[in-house]
Amino acid sequence: MSAKSSSVAWTEFRSNPISILGLILVVFCIALALFADVITPYPEHVGPIGDFTAINQAPSAAHWFGTDTIGRDLLTRIIYGFRLSLLMAVLVLSISMPVGVILGLLAGYLGGWVEFVLMRLTDIFLAIPPLVLAMAIMGFLPATLTNAMLAVTVMWWPWYTRLVYNVVRSEAREGYVLAAEVIGASSPHVMFREILPNCAPAVLTKLTLDIGFVVLMVSSLSFLGLGVQPPTPDLGSMVADGAKYMPDAWWLSIFPALAIMVLVLGFNLLGDGLREAFDAEV
Amino acid sequence: MTSVLKIRDLTLGFRKGRQTAQVLHGISMHVNAGEKVALVGESGSGKSVTAQLALGRLQQERGTLTSGEIEVVGHDLIRHPEAMAPERGHRVTMIFQDPTSALNPVFRIGEIFTEVLRSGGRKVTAAEARDRALKALAEVHIPDPARALDSYPFQLSGGMNQRVMIAMALANEPELLLADEPGTALDVTVQAQTLRLMDDLVTEKGTSVLFISHNLSVVREFADRVYVIYRGNIVEHGRTDQLFANPRHPYTRALLSAAPKLIGGGLPDLPEHSDAFRDPLIVHPGCGEPHEVSA
């Protein structure tokens with residue numbers, strides 16, 4: 001990995017209009033999620049109580065995205081859905097990323113049987129399609145928000161282990177590692193102080209790309225009825241619920257689906273921009 | 001005369017499964033206080049492993065078989081290689097082939113320097129470290145030491161980084177400096193400048209140097225005494241002037257004739273291996289090992 005100062009990376013990032021579009025979408029979604037209480041026109045529609053005088057209304061000035069089967073404002077629920085999706089993505093990654101990174105460092109630097117055990121375990125996890133694995137875990141756990149997050153976390157760390165392992169294997173051959181060892185640095189010092197900062201560009205890029213994928217994964221679980229349970233507003237379960245009323249009440253599925261798309265697209269474009277800017281090998 | 005580094009009948013083998021690859025076949029050498037000694041040989045002859053053994057690193061790896069004696073700054077490294085740990089970076093330091101890769105790209109030179117001064121758990125305040133680093137960089141003729149300390153390694157040229165490495169290696173006033181092909185990654189003019197600089201500094205400070213190289217012209221400029229190593233055996237040992245004026249071992253002669261010359265022809269045809277290269281050790285007059293002299 002080439003060493004680049006952050007200002008060079010920023011200049012490169014800024015010159016790519018697609019990356020900037022990603023950044024704008026991401027900031028937009030995060031802002032909506034943060035200020036949901038203030039922005040949404042009908043914050044009381046988060047719960048199970050709707051307005052029975054206005055069920056299944058098509059998009060109008062009063063309800064931009066229409067209303068659902070019990071008269072709740074769809075725009076309100078989509079914005080709260082952003083909040084939940086982002087929160088889950090952050091929680092899932094804030095557990096799986098550090099775990100994966102530490103295991104990758106240990107496997108890559110220590111080698112020997114540590115490497116063998118950790119990397120074969122990683123291979124086993126990576127060999128199973130992620131959604132299938134998450135569904136299998138959800139199969140014998142009650143379908144709750146916490147369990148859905150747990151399932152996604154369990155299948156997510158191996159990607160970081162594999163990524164960091166590869167970066168460590170190439171960095172460990174660099175002279176600075178030998179130089180640190182020769183002046184008597186301990187293994188933890190070499191791993192965490194010397195090598196870890198050099199893994200940061202790759203890990204941060206993957207992190208940005210992954211927020212989108214985790215949102216997609218959690219939504220898929222909810223769509224299948226294995227994740228978030230009603231009445232909590234969740235983009236995936238909203239798409240699933242609305243699918244029954246297609247094509248007459250088309251807005252019930254289309255708008256939540258578009259919302260997922262915007263969120264995932266934003267993070268993917270941002271992640272791609274970062275990858276190019278840092279030359280990271282994700 | 002005391003020896004900072006003393007190696008006697010050292011053998012080294014690597015065991016993998018049931019097979020053992022013998023790398024060193026009983027070499028003996030010594031470096032006296034304040035002396036510059038070169039160890040010369042081709043790739044794979046056992047030069048670098050000798051340096052790693054002198055740092056006490058290799059002995060602690062699994063599958064390494066050693067016998068004989070290595071004594072570095074008074075520590076027996078065959079029996080107690082771990083005794084070397086607190087000495088590394090202080091009484092014994094090292095300079096590497098590629099200076100730029102030896103400096104971690106995510107830290108400023110100043111931060112790396114502080115780590116070096118603090119190696120082995122020594123307490124050095126930030127201000128004191130900066131002060132010492134500035135002085136050390138000025139000693140290696142870096143034009144603007146303060147600016148260099150605030151730079152990242154990739155912002156400096158290879159020659160500058162090499163000077164930084166030399167400054168770092170000498171900052172803790174080591175007794176023994178292991179130079180493993182220093183500056184081989186640099187171009188020749190810069191390499192020559194930095195080596196001369198290193199030569200001046202170690203002479204001034206009285207640091208002993210074990211200089212590992214395959215480059216005979218560099219060795220000729222730099223070393224007081226030369227050991228030639230071939231396939232894990234020392235084949236010739238003499239003072240630099242003796243050895244270059246009168247190379248007696250067939251392998252040394254082949255090595256010398258392989259050095260590129262400014263005038264006349266290409267490289268001579270050398271046999272890759274020759275039975276003559278396995279001739280016994282030739283020691284020039286006045287040179288032997290300390291234990292042989294006293295015995």
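At 6% relative accessibility, A:Trp251 counts as buried, the term being used for residues under 20% relative accessible area, with exposed meaning over 50% and partly exposed the range in between (1.4 Å probe, protein chains only). The model examined here is predicted, so local features need pLDDT of at least 70 and side-chain atom pairs count only at pLDDT 80 or more, while totals for chains, interfaces and linings use all residues. Residues are numbered from 1 along each chain as its sequence is written, chains are lettered from A and ligands numbered from 1 in the order in which they are written, and side-chain values use heavy atoms, with hydrogens and water left out.

The neighbouring story in chain A is one of aromatic rings. Rings of Phe, Tyr and Trp (its six-membered ring) pair if their centres lie within 6.5 Å; planes under 30 degrees apart count as stacked, over 60 as edge-to-face and the rest as tilted. By this rule there are six aromatic pairs over all chains. In one of them, the ring centres of A:Trp250 and A:Trp251 are 5.7 Å apart and the planes stand at 85°, so the pair is edge-to-face. A stacked pair is formed by B:Tyr152 and B:Phe154, with 5.7 Å from centre to centre and 10° between the planes. Both of its members are partly exposed, B:Tyr152 at 22% relative accessible area and B:Phe154 at 33%. Back in chain A, ring pairs link A:Trp250, A:Trp251 and A:Phe255 into a cluster.

A:Trp250 is partly exposed, at 37% relative accessibility, and belongs to a nonpolar surface patch together with A:Met246, A:Ile254, A:Leu258, A:Met261 and A:Leu265. The accessible area of this patch is about 520 Å² in total, as given by the Shrake-Rupley method with a 1.4 Å probe, where for residues only the protein chains shown count as cover. Patches are made of residues with over 30% relative accessible area and no salt bridge, with like charges joined within 9 Å and nonpolar side chains (Val, Leu, Ile, Met, Phe, Trp, Tyr) within 5 Å; a salt bridge is a side-chain nitrogen of Lys or Arg within 4 Å of a carboxyl oxygen of Asp or Glu. A:Leu265 lies in helix α11 (residues 251-278) of chain A; helices (H or I, at least four residues) and strands (E, at least two) are DSSP runs, numbered from the N terminus. An unreviewed UniProt entry lists residues 249-270 of chain A among its "transmembrane region" spans, and annotations of this kind may be inferred rather than shown by experiment. That span is 91% helix and 0% strand, with its end C-alpha atoms 33 Å apart.

Four bridges join β9(B) in the parallel sense to strand β3 (residues 36-40), with B:Val40 partnered by B:Val228. Strand β10 (residues 233-239) runs antiparallel to β9(B) over six bridges, and B:Val226 stands opposite B:Gly238. These two strands, β9(B) and β10(B), form a hairpin with two residues between them, and B:Arg231 in the turn has a positive phi of about 50°.

Methods: Two strands pair if DSSP finds at least two bridges between them.
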